[in-house]
Amino acid sequence: MMFDFMILVLGIIIGSFLTICIYRLPQNQSIVTPPSHCLNCNTKLKARDLIPILSYLLLRGKCRYCVKSYSSRYAVVELITGLLFLWCYQIVGWSPDLLTILIFTAFLIVITFIDYDHQLILDKVLLWFAGVGVAINLGSGYPHIADMLIAALVGGGLLLLVAVLTRGGMGGGDIKFAAALGLWLGVKLVIIALLLAFIIGGVGGALLLIFKVKGRKDFIPFGPFIAIGAFISILYGSKIVWWYLHTIAK
């Protein structure tokens, strides 16, 4: 239980940093400077104002200095990050893969929320995502570099094919995101990630329409669904492959 709590707290703290990335990167702002401040009164926030989740609850979602409400998004991202980190730990434990999966998850969160907000997957985020994935895999020796390159071509190629067949139904950011995922996951797992993305995207899109969150003419970003598929794939992809080979393909 102690380790569970530690991972949860670590995720919440990392989530606080991710909220900065989500807000500032689309606006081409530095994620380092200026220090955190109220977006309404521009007052520099003190340490007591920046305690993840707790500060939001204690201040009832309002700035201590101007008493203007601010978005609950910050606390939501912090909590989601903490819970996803805990989920990862529950699945892989204190294995050498844990740090890799936590870094992977953090990137997915940033990509998901930026795409949801702006319908945009930033090249600068994808470059860092791809570069970190290549560095980690080269350090571990798996997947091999040839497999990484082939997986990148497969992942990006599949969505490029979809884009061509649907005449623009898939964005360039989605295609590059899928290619970057290939560098992380290898051929088998990136295929699983994309298959899951289409299944979840179909169901999720239908639910958004049913509950009138989105209209029929509204654009629904596909990046979040790719991220969900990738998260499931990195945690359960090998088990899904085993299940397929020993049941469906047997």
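Reader: So what do the buried residues of helix 1 pack against?

Author: They pack against helix 3 (73-92) and helix 4 (97-118). Keep in mind that this is a predicted model.

Reader: Which residues of helix 1 are buried, then?

Author: Asp-4, Ile-7, Gly-11, Ile-12, Gly-15, Ser-16, Leu-18, Thr-19, Cys-21, Ile-22 and Arg-24.

Reader: Why would a helix show a spacing like that?

Author: An α-helix has 3.6 residues a turn, so residues three or four places apart point the same way.

Reader: And how far apart are the end C-alpha atoms of helix 1?

Author: They're 34 Å apart. Helix 1 covers residues 2-24, and at 1.5 Å a residue its 23 residues should span 33 Å, so the two values agree.

Reader: Cys-63, buried or exposed?

Author: Buried, because its relative accessible area is 6%. Cys-21 also counts as buried, with a relative accessibility of 6%.

Reader: OK, Pro-35. Where does it lie?

Author: Pro-35 is in the loop between helix 1 and helix 2 (54-58). Its relative accessibility is 45%, so Pro-35 counts as partly exposed.

Reader: What does Pro-35 touch?

Author: Leaving aside residues up to four places away in sequence, Pro-35 touches Arg-24 and Lys-44. That Arg-24 is one of the buried residues of helix 1.

Reader: And how far is Pro-35 from Leu-120?

Author: They're 25 Å apart in space, C-alpha to C-alpha, and 85 residues apart in sequence.

Reader: Last topic, pockets. What's the volume of the largest pocket?

Author: About 810 Å³. The lining has 36 residues, and those nearest the centre are Thr-19, His-37, Leu-45, Tyr-70 and Tyr-74.

Reader: Which helix gives the largest share of that lining?

Author: Helix 1, with six residues. Still, helix 1, helix 2, helix 3 and helix 4 each supply at least two.

Reader: How does the lining split by class?

Author: It has 17 nonpolar, eleven polar and eight charged residues.

Note on methods
Residues are numbered from 1 along each chain as its sequence is written. This is a predicted model: local features need pLDDT of at least 70, side-chain atom pairs count only at pLDDT 80 or more; totals for chains, interfaces and linings use all residues. Side-chain values use heavy atoms; hydrogens and water are left out. Helices (H or I, at least four residues) and strands (E, at least two) are DSSP runs, numbered from the N terminus. The expected span of a helix is 1.5 Å times one less than its number of residues. Buried means under 20% relative accessible area, exposed over 50%, partly exposed in between (1.4 Å probe, protein chains only). Contact means heavy atoms within 4.5 Å. On a 1 Å grid over the protein atoms alone, a cavity is a set of points where a 1.4 Å probe fits but cannot get out, and a pocket is an open set with protein on both sides within 12 Å along at least five of seven lines; lining residues have an atom within 4 Å of a point. Grid points are joined across faces, edges and corners, and a volume is the space filled by probe spheres set on the points. Ala, Val, Leu, Ile, Met, Phe, Trp, Tyr, Cys and Pro count as nonpolar, Asp, Glu, Lys and Arg as charged, and the others, Gly among them, as polar.
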